[in-house]
Amino acid sequence: MGSLAIINGFIYASFYPLQIINSLLINDGKIEIIGNKDKILDYAKKEKIEILDLKNKYYAIPGFIDAHIHIDELGEYINGIDLRDVKSVKDLCESIKNKKDKFKNWIYGHGWDQEKFLENRWPNHYDIDNCTKNKPAIFSRIDLHSALINEKAIKFLYSFDKEVYGIDKFPNNEPTGIIKETAFDEIRKLMRENRDIEEQKELIELAQNELISKGITSVGFMSVDEKSLSAILELRSENKLKIRISAFLNGNIMYKSKQIKNDDLFQIKGIKLFSDGSLGSRTAYLSYPYEDDPENKGFIAMEKDQLLENCLKAKELNLKTATHVIGDAALDNVLDVYEKCGERNRIEHASLVREDQFMKLSKINPIIVVQPHFIISDFWVIKRLGINRAKWVYPFKSLINHGLDIAFSTDAPVEPIDPFLSIDAAVNRGSNQNIELSKYTMHESLNLQEAYASYTQKSATAIYRQDLGSIELGKKGDIVILSKDPLNSYLNNVVMTIIDGNILYKNNFE
């Protein structure tokens, strides 16, 4: 725990209600004095506490809280092959070939999107077999609901002792190399089984350092599996855990919550369930078929009775339930479940909300965790859903207007972890990037005050931490210093990240 006096700044203590102060004192990791500069200076000098002078030049806010992230997969993305900017199947192969030799066991990468490919098609294993050859390989699509695997990895599909959903096949019934949903999850499990705990810890530390550099001081770590849980606990015991993690475990290991003691940095808060898939992979569960796939309404990942059973089990363990919901039909299912299980559980994404669903959402009052940057990445969404459903897509303002708590996140590595990119998307709805959806949904844009509140106070609510999200007496000393006034610019720069009163990142602070 650190101590730090911050003076002569423009400090946004909270965004709702809007409160601005000029000085504060963090003592032993907690905020002890607010707004009284003379008292703060006297105390700091007496106790020999470091004084940080913002010179009436810099702006401070509560630490950003990314309410839904995959730290382990973010580490994989940082360490893996970046495929976000690949524009063709040919370029996909070249990107893989140039970096494949750095991997010990599996070759992996992330971020391709067939909607960007010049060939206007999904890739298949023949496109990458010559680029990978000697090792199994998996390259996840941008949405983390499907992936491309090579011929060597395809052989693992035949080792499954059960039939799994999501193995795409050619007309001759041979696998194409595209795997979705359940098949994707099973292959990833196989890949991770070949990774030792030290490598897993390295990936988590890579992600942690990147998050801190972006001003993110706390996260909701979703879908935590047994290996990542063990890695985090070891990092905690080695005093290498720096950010605050609220963990939402895979449902099959929820019982482990009884065996683990929470502390200020790591707390198990709930479980993560899936009700459907994604729009990008056409596996989100819809009330009406996809506009560009008229025979398809999507995929039910877990039936209502299974969702309810898991939610009730979690409740017995004093855990919350966070359920992945993309399609509107999936939302119907989850609202029915939460009506019976209740007590402020979470809905992840809520990408498609019909007008008739808002009243039921208001009644049940779940916490909604959204990813504004989906607006940018899902640039094809009108083609997928049609213009008539456009008004239902990412309805942030309508959710707020119906009294719901809307928390921000990136679902990283699905979206970039930079908070300002998400704030831009929430405020401008993709208009700066010429995203077609902005033509139909500007009424759903948020103002900057709402966006920052969702990234701080509302995200603290979403990870069930009352001691975070605003600068108040007794709360944790997690602060981010910015170069510009956050309420005058949606783009900004993090110049310093402070957690527990300790300066963990500094860049261009003069």
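**View A. An open sheet of 6 strands runs in the order β3-β2-β7-β22-β23-β24, with mixed pairing.** The edge positions are taken by β3 (18–21) and β24 (502–506), each with a single partner strand, so one side of each has no neighbour in the sheet. From one strand to the next, the twist averages 25°. The model is predicted: local features need pLDDT of at least 70, side-chain atom pairs count only at pLDDT 80 or more, and totals for chains, interfaces and linings use all residues. Residues are numbered from 1 along each chain as its sequence is written, and side-chain values use heavy atoms, with hydrogens and water left out. Strands (E, at least two residues) and helices (H or I, at least four) are DSSP runs, numbered from the N terminus; two strands pair if DSSP finds at least two bridges between them.

**View B. Strands β2 and β7 pair in the parallel sense.** Their pairing extends over 2 bridges. Isoleucine 11 stands opposite alanine 60, a residue of β7. In a regular strand, side chains alternate between the two faces of the sheet. Helix α17 (residues 448–455) lies across β2, β3, β7 and β22 (479–482), and runs at about 80° to β2. Such angles are taken between N-to-C directions, from 0 to 180 degrees, with axes as lines fitted to C-alpha atoms, for helices over the stretch in contact.

**View C. Phenylalanine 10 and tyrosine 59 belong to the aromatic pairs of the model, which come to 18.** Rings of Phe, Tyr and Trp (its six-membered ring) pair if their centres lie within 6.5 Å; planes under 30 degrees apart count as stacked, over 60 as edge-to-face and the rest as tilted. The ring centres of phenylalanine 10 and tyrosine 59 are 4.9 Å apart and the planes stand at 25°, so this pair is stacked. Phenylalanine 10 belongs to strand β2 (residues 10–15) and tyrosine 59 to strand β7 (residues 59–62), so the pair ties together parts that lie 49 residues apart in sequence. Phenylalanine 10 is partly exposed at a relative accessible area of 32%, whereas tyrosine 59, at 17%, is buried. Buried means under 20% relative accessible area, exposed over 50%, and partly exposed in between (1.4 Å probe, protein chains only).

**View D. Tryptophan 112 and tryptophan 122 form an edge-to-face pair.** Their ring centres are 5.8 Å apart and their planes meet at 80°. Tryptophan 112 is in strand β10 (residues 107–112), while tryptophan 122 is in the loop between β10 and α4 (129–132), so the pair joins parts 10 residues apart in sequence. Tryptophan 112 is buried at 0% relative accessibility, and tryptophan 122 is partly exposed at 23%. Strand β10 is mostly covered, with 6 of its 6 residues buried. β10 pairs in the parallel sense with strand β9 (residues 81–82) over 2 bridges. The bridge partner of aspartate 82 in β10 is histidine 110.

View E. At another site, arginine 188 lies over the face of phenylalanine 184, 4.2 Å from the ring centre. A charge sits over a ring if NZ of Lys or CZ of Arg is within 6 Å of the ring centre and within 35 degrees of the ring normal.

**View F. Helix α1 (residues 37–47) has Ile40, Leu41 and Ala44 as its buried residues.** These residues cover an arc of only 95° around the axis, which puts them on the same side of α1; the arc is that of the directions from the helix axis to the C-beta atoms. Exposed residues Asp38, Asp42 and Lys46 are carried on the face turned away from the buried side. The buried residues of α1 pack against β1 (4–7), β4 (24–27), β5 (30–34) and β6 (51–53), where contact means heavy atoms within 4.5 Å. Lysine 48, which follows α1, has a positive phi near 55°.

**View G. Serine 454 lies in helix α17.** Serine 454 is buried, at 2% relative accessibility. Leaving out residues up to four places away in sequence, serine 454 touches Ile406, Ala407, Phe408 and Ser459.

**View H. Leucine 317 lies in the loop between α9 (304–316) and β18 (320–325).** At 24% relative accessibility, leucine 317 is partly exposed. Its C-alpha atom is separated by 7.5 Å from that of lysine 258, 59 residues apart along the chain. Leucine 317 touches Met254, Tyr255, Ser257 and Lys258, not counting residues up to four places away in sequence.
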